[in-house]
Amino acid sequence: MLQAVEGTQLSVDTSKQHLAPFVKWAGGKTSLLPELLPHVPHRLTSYYEPFLGGGALFFGICARTTSFSAHLSDTNEELINAYRVIKESPDELISFLSRFQKEYDSAPDQSAYFYQKRDWRHTGRVESAARLIFLNKTCYNGLYRVNSKGEFNVPFGRYKNPRILNSDVISAASHVLENTKAELRTIDYKDALTSCGRADFVYLDPPYQPPTKTSSFTDYTPGGFSEKDQEELAEEFGKLVDRGCIVVLSNSETSLTRHLYNDFEIRKVTVNRPINSVGAGRTGYKELIVLGRTR
């Protein structure tokens, strides 16, 4: 079961039991869902998520209801394309991934097969989506990272028997993307939020402010996300609250983020992050949940 606002229990539709992010994403929010879902209104009309990533909160909400319109966006063009393909052409995608799974499993040199696919210049939208999912399931630590040219540059992961194809997850995701009439756009978060109005729910999950100079996971797109970007996001957060939107933001706990959201209600939580080069470094992270109401 998932919790609703004020601790009300809701039974989960068993037809949605496979709802989950179809990619592993740095900063993914699956482990934070128990902290986030209580702040999502039980009755939603419009839902906006402009830093979509793996979409853990979106899928978490869809496990209890799809009676709302979804406005989902990200600046990562490959990622949004994958969502569109899952929504519109899930069977074609499953067919491609099934082929990739068989070829990978039977390849005499799986590392060479991985780098072949990493260097592959696809010609179609379904091929692009299949490549992204394949690389995500087989690259080092499941990390998505690009260089300054926008080229995927994560090395081979050396997993034993990675599950490249999960048709149940893809089918479930396609179902809820259709049911919520999801609008999927590759667009800057400010442009994505221009149509937000009173009582619309907005979830902001930006690339995290790194606690140290060497711990950044912001290279999802060539431009990254700087301290100035964090400051501008905090300004946008305040504007959304002033417009009457219901806003929730998550970020790492740093001196900068505490300062930027000092006027709002902040909740500190400890979470695990599944993407870290050292296993011991995946636990005990301090994060902030910022609620769109003043102290």
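Mentor: The secondary structure of this protein amounts to ten helices and nine strands, and the model is a predicted one. Of its 295 residues, 53% are buried. Among contacts between residues at least 6 apart in sequence, 71% join residues at least 24 apart.

The part to look at is Asp200, which sits in the loop between α8 (189-192) and β6 (201-204). Asp200 is buried and has no salt bridge. The nearest side chain of opposite charge belongs to Arg243, 7.2 Å away. The side chain of Asp200 does reach the backbone nitrogen of Gly197, at 2.8 Å. Leaving out residues up to four places away in sequence, Asp200 touches Ser46, Tyr48, Ser195, Cys245 and Ile246.

For contrast, consider charged residues that are paired. The structure holds nine salt bridges. One of them joins the side chains of Arg99 and Glu103, at 3.5 Å from N to O. These two residues are four apart in helix α4 (residues 90-106), so about one helical turn separates them.

Another salt bridge links Arg185 and Glu183, at 3.8 Å from N to O. Arg185 is partly exposed at 27% relative accessible area, as is Glu183 at 31%. Finally, Glu253 and Arg258 form a salt bridge with their closest N and O atoms 3.4 Å apart, and a network of salt bridges links Glu253, Arg258 and Lys268.

Notes. Residues are numbered from 1 along each chain as its sequence is written. This is a predicted model: local features need pLDDT of at least 70, side-chain atom pairs count only at pLDDT 80 or more; totals for chains, interfaces and linings use all residues. Side-chain values use heavy atoms; hydrogens and water are left out. Buried means under 20% relative accessible area, exposed over 50%, partly exposed in between (1.4 Å probe, protein chains only). Contact means heavy atoms within 4.5 Å. Lys and Arg count as positive and Asp and Glu as negative; His and the chain ends are not counted. A salt bridge is a side-chain nitrogen of Lys or Arg within 4 Å of a carboxyl oxygen of Asp or Glu. A polar contact is a pair of N or O atoms within 3.5 Å; within protein, one must be able to donate a hydrogen and the other to accept it, and residues adjacent in sequence count only if both atoms are side-chain atoms.
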